[in-house]
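Here is a friendly tour of one protein chain. Take a moment to look at the picture, and then we will walk through it part by part.

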Amino acid sequence: MQNNEKVQKRRSFIFCPGNNPDMIPKALNSGADMVCIDLEDAIIPEHKDISRSKTIEAFKNIEIPDGIEALIRINDVNSEDGKKDIEAIMNSSSFPSGLMLPKIQSVEEILNMENNILEKNININLHIIIETNKGLDKCWDIAHSSNLVKSLLFGGVDMSADLGCKGDWFSLLYARSRVVHAAAGAGIDSIDVPFLDLEDTEGLKKEAQQSKNLGFSGKGSIHPKQISILNNIFTPSEKEIDYANKVIKAFNEASDGLVVVDGKLIEKPVLRTALKILANSSG
């Protein structure tokens with residue numbers, strides 16, 4: 001039984017403001033698995049139009065390194081700026097790897113975006129930020145809504161404001177768990193919110209490890225110096241890699257669909273996890 005599914009590393013991501021395209025090449029070579037050019041929070045209303053134009057133009061010239069995803073975070077799909085973002089990207093001649101969609105609250109929003117992409121017949125995927133109470137309630141359905149959805153990102157700052165709770169890791173544990181649960185059920189990645197204290201390296205390590213233990217695939221960063229820490233924590237151990245190789249070998253050699261590793265029956269979701277472990281083991 002062969003499985004040739006390509007698995008993308010998503011251990012870390014970093015934002016780059018859309019009004020400063022000169023920063024994009026540096027971000028693409030920062031070591032982050034995902035680079036997101038931001039048209040939303042990083043851009044004040046007066047600069048939305050020029051940032052959109054600069055970002056669209058930049059994608060005509062930038063070279064994306066192998067294995068790196070270059071995304072654009074658009075504005076809320078229901079806002080005027082969001083609609084302008086979508087129209088400009090859909091009518092461009094060069095496209096990002098994917099779109100990061102903020103404040104998603106319904107399956108219908110995803111399906112409308114999917115229809116736009118399919119009508120244009122372009123190769124682009126979707127990364128969904130779950131950052132509102134309503135979005136959290138619908139996150140299982142959102143994760144399963146389209147094959148174009150490749151990850152759920154947890155937006156802790158907006159989520160804590162919407163819930164009226166503190167923004168620390170444990171106060172948002174339930175919300176985080178819902179996002180991980182939904183993403184795992186759909187077989188996609190889940191990515192935790194960046195750690196915001198740039199000077200607290202130990203705090204970053206502790207929170208990233210907690211996120212990994214909970215089931216997150218990766219975590220965002222606010223500065224390039226955080227990326228190597230995140231990549232190291234979300235890169236599997238030798239023990240995890242050895243077991244993943246055992247699982248993949250067993251599936252490849254299975255003739256009847258019944259797969260046993262170390263005396264335990266193994267089902268298809270374990271293979272998907274094994275493939276992800278190997279994808280994250282390099283680089």
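Where is the place of K103? K103 sits in the loop between strand 4 and helix 4 (107-120). Keep in mind as you look that this is a predicted model.

Most residues other than glycine have a negative phi. K103 has a phi near 55°, a positive value in a residue other than glycine. With a relative accessible area of 25%, K103 is partly exposed. N121 also deserves a look: its phi is near 55°, again a positive value in a residue other than glycine. You will find N121 in the loop between helix 4 and strand 5 (125-130). N121 counts as exposed because its relative accessible area is 71%, and exposed means over 50%.

One pair shows how neighbours are joined. Strand 3 (residues 69-73) and strand 4 (residues 98-101) run parallel, and 3 bridges join them. L71 has G98 in strand 4 as its bridge partner. Which way do the residues of strand 4 point? G98 and M100 point one way, while L99 and L101 point the other way, and all are buried.

## Nonpolar cores

The largest nonpolar core holds 58 residues. Those touching the most other members are L99, L101, L126, I128 and L152. Apart from this core lies another, of 14 residues, including F251, V261, L271 and A274.

Leaving aside residues up to four places away in sequence, I128 touches L101, I104, I110, I142, V149, S151, L152 and L153.

A disulfide is a covalent bond between the sulfur atoms of two cysteines. How many disulfides does a search of the whole structure find? The search finds 0. C36 is in no disulfide, and the nearest cysteine sulfur, that of C16, is 9.3 Å away. The cut-off for a disulfide is sulfur atoms within 2.5 Å. C36 counts as buried because its relative accessibility is 1%, and buried means under 20%.

C139 is in no disulfide either, and its nearest cysteine sulfur, that of C165, is 15 Å away. C139 is buried too, with a relative accessible area of 1%.

Key: Residues are numbered from 1 along each chain as its sequence is written. This is a predicted model: local features need pLDDT of at least 70, side-chain atom pairs count only at pLDDT 80 or more; totals for chains, interfaces and linings use all residues. Side-chain values use heavy atoms; hydrogens and water are left out. A nonpolar core is a set of buried Ala, Val, Leu, Ile, Met, Phe, Trp, Tyr and Cys residues joined through side-chain atoms within 4.5 Å. Buried means under 20% relative accessible area, exposed over 50%, partly exposed in between (1.4 Å probe, protein chains only). Contact means heavy atoms within 4.5 Å. Two strands pair if DSSP finds at least two bridges between them. Helices (H or I, at least four residues) and strands (E, at least two) are DSSP runs, numbered from the N terminus.
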